[in-house]
Structure formats: structure tokens, C-alpha cells
Amino acid sequence: TEIYTLSLHDALPICTFSLILLLCMTLVIRPAFGRTLTLEECVKLVMERNSGLKSSHAASLSAAEDVTMSRADFFPVLKLKSFYTIIDKSDRLIIDSNAFAPGIPPQKTTLSLGERESYGVGLTLRQPLFSGGSLTNAHQLAKHEAAAATYEYSRQSTLLMYQVKKTFNEALISASRIHAAESAVKAAEGRLKIAEARREEGYADSEEVLQRDADLAMAHTRLIKSRNRSSQVLGKLRQLTGSGPDETIEVVGKPEKLTLTGSLDELAKGARERREDIRSATEKSAAAESGVGMARSGFLPHIFFESNYLLQKETRIVRPELWSLTVQAEWSLFEWGRTSAAVRKAVARHNQLDLAREELSRTAQLEIEETWREVVGLQSQVIAYEKIVKAKES
């Protein structure tokens with residue numbers, strides 16, 4: 001037998017390596033952590049984490065900035081311009097013979113300016129005076145599109161909250177179904193034991209035992225289905241709340257029981273005022289109408305006021321300081337039918353969105369009627385089940 005003696009200096013690296021290995025194994029095999037959530041906590045998590053909702057909110061913010069940008073086009077724009085230019089040869093001033101008087105100059109004369117570079121800095125102020133309605137329609141278009149984006153964000157928030165509440169209630173119901181299925185399995189096991197004991201004593205035949213065994217198998221099947229359904233619902237809730245794959249979710253609370261109080265006529269009548277998707281479609285149609293006005297402004301002249309101040313390098317023919325005031329009119333007389341095509345395209349776009357709005361309104365009316373009738377049927381079914389439960393308890 002050989003005995004090896006390790007000093008503290010030799011054993012320290014081995015202990016350090018063992019400690020690191022133990023920590024790594026603990027992190028790898030650690031169990032999944034769980035979280036108990038209420039309905040309010042689920043809604044809060046969805047509002048904070050859902051990427052689709054954040055994207056819609058960013059789109060509404062972007063559309064709101066378009067309104068600010070379109071409003072700025074009504075006001076004057078001040079720009080600072082600077083330049084530096086160098087040319088290969090200096091400019092020349094050519095004077096023809098007899099330009100000033102007979103014999104002055106006696107022949108064609110070329111004078112070199114002697115400057116190959118120039119530089120300067122200037123201010124330009126530009127103010128639109130008349131645009132044929134282009135700026136006004138552009139501002140109206142931006143406002144309608146911003147309103148449409150806001151309604152779309154509100155609509156997505158409403159649908160997302162509906163999905164969260166629906167999934168949360170389904171998770172609560174699935175948990176209660178698992179509890180009921182487990183109780184049914186225990187009851188079926190008890191009935192099977194009783195049937196087997198009765199058969200041993202000669203009070204029951206094999207057919208009764210087989211029937212009880214089949215009842216137990218069906219109870220196990222319902223339990224498996226309930227557990228699978230609960231896992232699917234919790235997985236969907238985990239996706240909506242942005243939870244990690246290793247995070248276990250457990251819901252607490254009672255399923256929310258709602259009662260439909262409004263009539264079909266009342267719900268259908270207020271659909272246009274309440275549903276955000278219809279209001280968004282209305283705003284998009286109005287925006288397309290403003291787009292038609294923008295396109296038609298191409299037939300009219302555009303008038304601008306422009307003021308310039310230039311401070312530059314002085315030469316023999318250029319002054320060091322220069323300012324000017326200009327009123328400029330631009331009128332496109334012929335563009336190979338471009339403006340007419342733009343107007344036709346804008347009109348077609350407006351007709352498309354207007355028809356889509358009408359179709360959406362009719363579809364919403366049909367959806368409201370179908371949903372109302374389905375909910376009425378489900379409410380009567382719930383009342384019937386409540387009475388059955390009371391009868392069973394009695």
C-alpha cells in the first residue's frame with residue numbers, strides 16, 4: 001500500500017475545480033420555476049411583453065409624427081447653404097472689338113479673371129403661398145391615417161385582452177375538469193373493486209366487472225384529455241404573456257361568469273360607433289379622399305416666395321454680398337398624362353377603401369348576430385347544467 005500526502009497548495013486547484021463542477025451541475029439540473037398568476041397579472045404581462053401590441057403602438061406613434069411633419073409644410077423653411085468650388089482654369093472675360101466705341105478696343109480682347117476657386121455661405125427662406133390644396137389635403141390625409149392607426153392599436157389591444165381573458169378562464173375551467181376527472185377515476189376504481197368483490201361472493205357476474213372496468217378506462221381517458229387540454233391552454237397563456245419555456249404557470253381565481261343583457265338590435269345598432277376596426281376603415285377611406293385632392297392639385301400652379309442672402313468671395317465680376325427677393329410660380333403644363341394617371345389611381349384607391357369599409361360593416365353586423373345567438377344558446381345551456389347539478393346534489 002502506497003500512501004500519498006498532498007499539501008494544501010496541491011489540493012487547492014482540485015477543490016476549486018470540484019466546486020465549479022458542482023455549481024455547473026446544479027445549474028443544469030435545477031428544476032423549472034413556477035409562477036402563480038391572477039387575471040390582472042396576466043393582463044399586465046401581456047401589455048408589457050407582447051411584441052405585436054408594441055409594434056402596433058409604434059405604428060400609431062409614427063403616424064402621429066406624420067401629422068407634425070405635414071403641418072410644418074405650411075410654415076417658412078430657413079436653410080443655410082455653403083459652397084466651395086475649384087476649377088481647372090480661371091474664367092475669362094471676352095470683349096469684342098469696337099464694343100465701346102469705334103476702335104475701342106481695336107480688336108477682340110480676352111481678359112483673365114485670375115481666380116480658380118470660389119466659396120461662400122448663404123441663407124434661403126422659402127414660404128409656400130399657393131399649392132392648389134396639396135398641403136391642406138396632405139395634412140388632412142396624415143390626420144386621418146394617424147386616427148386609423150390609433151383605432152387599429154385600440155382594436156388589437158381589445159382582441160388581445162379578449163384572448164387573455166378567454167385563455168385564463170379556460171385554464172381555470174381545465175383545472176377544475178382535471179379535479180373532476182380525478183374524482184371520477186377514484187369513484188370508478190371503487191366501483192370496480194366493489195364489482196370484483198361481489199363477483200367473488202357470487203352476487204355479480206363477469207359482465208358487470210367488465211362494464212365497471214370499461215367505465216374506469218373511459219374515466220382515465222377523460223382525465224388524459226383534461227390534462228392535455230390544460231397543458232395546451234397553459235402553453236397558449238405562456239405564449240401570450242411572453243413567459244419562458246422553463247417557466248411553469250399556475251392560474252388562481254374563479255372563472256368569470258358573464259350575462260348577456262343587451263338585445264340584438266341594440267348591439268347591431270351601435271356597432272359602427274363601438275368597433276375600432278370599422279372606425280379605422282372609415283378614417284382610411286377619408287384619408288384616401290384627401291389623397292384624391294392631393295393628386296388633383298397637380299393641375300394647378302404652385303406659388304412660392306423665396307428670399308436669399310449670399311456672402312461670398314469677391315472677384316472682379318462677383319460682389320461679396322448679395323440678397324434677393326423672388327416670387328416663383330410653377331405650373332406643370334404637360335407631363336405625358338402623369339397627373340391624370342395619379343388622379344385616377346387616387347380615385348380608385350378611395351373607391352377600394354370605401355367598398356372595403358362597407359363590406360366590413362356588413363360582416364360586423366353578421367358577426368354580431370351570429371355571436372349573440374350563440375351566446376344566448378350557451379347561457380340557456382349553462383342554466384340547464386346548473387339545474388342538473390342541483391338535481392344530482394339533491
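Which residues does Gln312 touch, not counting residues up to four places away in sequence?

## Around Gln312

Let's start with that residue. Gln312 touches Phe83, Tyr119, Gly120, Val318, Arg319 and Pro320, leaving aside residues up to four places away in sequence. This is a predicted model, so please read every contact described here as part of a prediction.

Gln312 lies in strand S7, which covers residues 302–312. With a relative accessible area of 18%, Gln312 is buried, because buried means under 20%.

## How H3 and H4 pack

Next, have a look at two helices: H3, residues 51–72, and H4, residues 134–200. The axes of H3 and H4 are 8 Å apart, and the two helices pack at an angle of about 165 degrees. Since angles over 145 degrees count as roughly antiparallel, H3 and H4 are therefore roughly antiparallel to each other.

The crossing of H3 and H4 is left-handed. Sorted by class, the contact of H3 with H4 has 11 nonpolar, 9 polar and 5 charged residues.

Now for the charged pairs. Side chains of opposite charge can pair when their charged atoms come close. In this model the count comes to 13 salt bridges.

One of these salt bridges joins the side chains of Asp277 and Arg155, at 3.7 Å from N to O. This pair links distant parts of the chain: Asp277 sits in helix H8 (residues 276–296) and Arg155 in helix H4, 122 residues apart. Asp277 has a relative accessible area of 17%, so Asp277 falls under the 20% limit for buried.

Asp277 also takes part in a salt bridge with Arg275, where the closest N and O atoms are 2.5 Å apart. Both Arg275 and Asp277 are buried. If you are tracing these side chains in the structure, look for Glu367 as well: Arg155, Arg275, Asp277 and Glu367 are linked in a network of salt bridges.

## From H4 to H5

The side chains of Arg198 and Glu208 meet in a salt bridge, with an N to O distance of 2.8 Å. Arg198 belongs to helix H4 and Glu208 to helix H5 (residues 206–241), and the two residues are 10 residues apart.

Terms used: Residues numbered from 1 in each chain as written. Predicted model: local features only at pLDDT ≥ 70, side-chain atom pairs only at ≥ 80, totals over all residues. Heavy atoms only, no water. Axes fitted to C-alpha atoms, helices over the stretch in contact; angles between N-to-C directions. Helix = DSSP H or I, 4+ residues; strand = E, 2+ residues; numbered from the N terminus. Parallel < 35°, antiparallel > 145°, perpendicular 65-115°, else oblique. Left-handed = near helix turned anticlockwise from the far one by under 90°. Nonpolar A, V, L, I, M, F, W, Y, C, P; charged D, E, K, R; others polar. Salt bridge = Lys/Arg side-chain N within 4 Å of Asp/Glu carboxyl O. Buried < 20%, exposed > 50% of the residue type's maximum accessible area, 1.4 Å probe, protein only. Contact = heavy atoms within 4.5 Å.
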